[in-house]
Amino acid sequence: MNMKILITGGNGQLAFDCNEVLKKKYEVLSHSHKEMDISDFGQTERIINIFKPDTILNCAAYTKVDACETEKDLAWKVNVIGPKNLAEISEKLGCKIIHISTDYVFSGKKPTPEYYVEDDSPDPLTYYGNTKLEGELAIQKATNSYAIIRTAWLYGIRSNNFLKTILKLCSKNPPKGVKVVNDQFGSITWTFKLALQIKKIIETDGQGTYHATSEGYSTWFEAAEYFLKKFAIPYKVIPCSTKEYPTQARRPANSILENKRLKQEGINLMNHWENDLEQFFSKFRERLIRDATEANR
């Protein structure tokens, strides 16, 4: 019997790649927030009961980190109530929930290049991180059939992300210097490769909490410069400190996650971030340039 997978947050870049990867082998239903509001228990339960999935993949989240500091009710609804609802429904239906979480559950206070593993104690700095941690705990309380996947610094071809924004800013003519933070460390991660990793976790019936990011690490500045060097455009990125680029929510200085459990179980598919960025550029170069050019018109 073919596995049925329901994906939430269908308009997001990770959900898009998960749908592309999983639909080649499984029956997949992907719903956007407008089609299924996971904070609405009744609506969500009706849709899930009709489809009867074997696995619910929750890619829905309110990820505007700064806005979460003021839009707390919305952040709580999407990041805590939503996962809680999905976990309770999956438990009743007898299916499994896979939930996407974040490096923001940690404080980032470990000195670089130390990394965070799955059993390190969470200590979020932000309201966003707090809601994501509470979402994890709600799932763990509601069901035993779950996998929580913490990831970080995502980019893909769908939707806006850091790399697309940097390319757009540097494609302006004449290019102005763009300041990029050079004292926050993490592993920039391609959503397509993460989707392949999620597929592997589904197929091996992985249980519990996993970290899944690219191997290696960089600063935002280092990742931006590596990416921009691929394009035949003049650019100027200027390294700056977090203090020079103030935001409403504090960012973790160290977001390096180690894929410890994936490696222990022999299912780690994640590559070095530079290799993935090379592939991403090779595959989407023309489209990235076109999108950046059109955005600047």
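Predicted model: local features only at pLDDT ≥ 70, side-chain atom pairs only at ≥ 80, totals over all residues.
**Stop one: the cis peptide.** Select Thr-112 and Pro-113. The peptide bond joining Thr-112 and Pro-113 is cis, with omega about 15°. Pro-113 sits in the loop that runs between β4 (96-102) and α5 (127-142).

**Stop two: Trp-153.** Move on to the loop between β5 (146-151) and β6 (154-155), where Trp-153 is found. Trp-153 is not a glycine, yet its phi is positive, near 50°. Is Trp-153 buried or exposed? Its relative accessible area is 9%, and because the cut-off for buried is under 20%, Trp-153 counts as buried.

**Stop three: Ser-159.** Next select Ser-159, in the loop between β6 and α6 (162-170). Ser-159 is another non-glycine residue with a positive phi, near 70°. With a relative accessibility of 30%, Ser-159 is partly exposed.

**Stop four: the second largest pocket.** Select Phe-16, Asp-17, Glu-20, Val-21, Lys-24, Ile-157, Trp-190, Phe-192, Lys-283, Phe-284 and Arg-287 to show the lining of the second largest pocket. Two or more lining residues come from each of α1 (13-22) and α10 (273-295). Which element gives the most to this lining? That is α1, with four residues. Colour the lining by residue class: six residues are nonpolar and five are charged, with no polar ones. The space in this pocket is about 160 Å³.

Technical notes. Residues numbered from 1 in each chain as written. Heavy atoms only, no water. Buried < 20%, exposed > 50% of the residue type's maximum accessible area, 1.4 Å probe, protein only. 1 Å grid on protein atoms, 1.4 Å probe; cavity = no way out; pocket = protein on both sides within 12 Å on 5 of 7 lines; lining within 4 Å. Points joined across faces, edges and corners; volume = space filled by probe spheres on them. Nonpolar A, V, L, I, M, F, W, Y, C, P; charged D, E, K, R; others polar.
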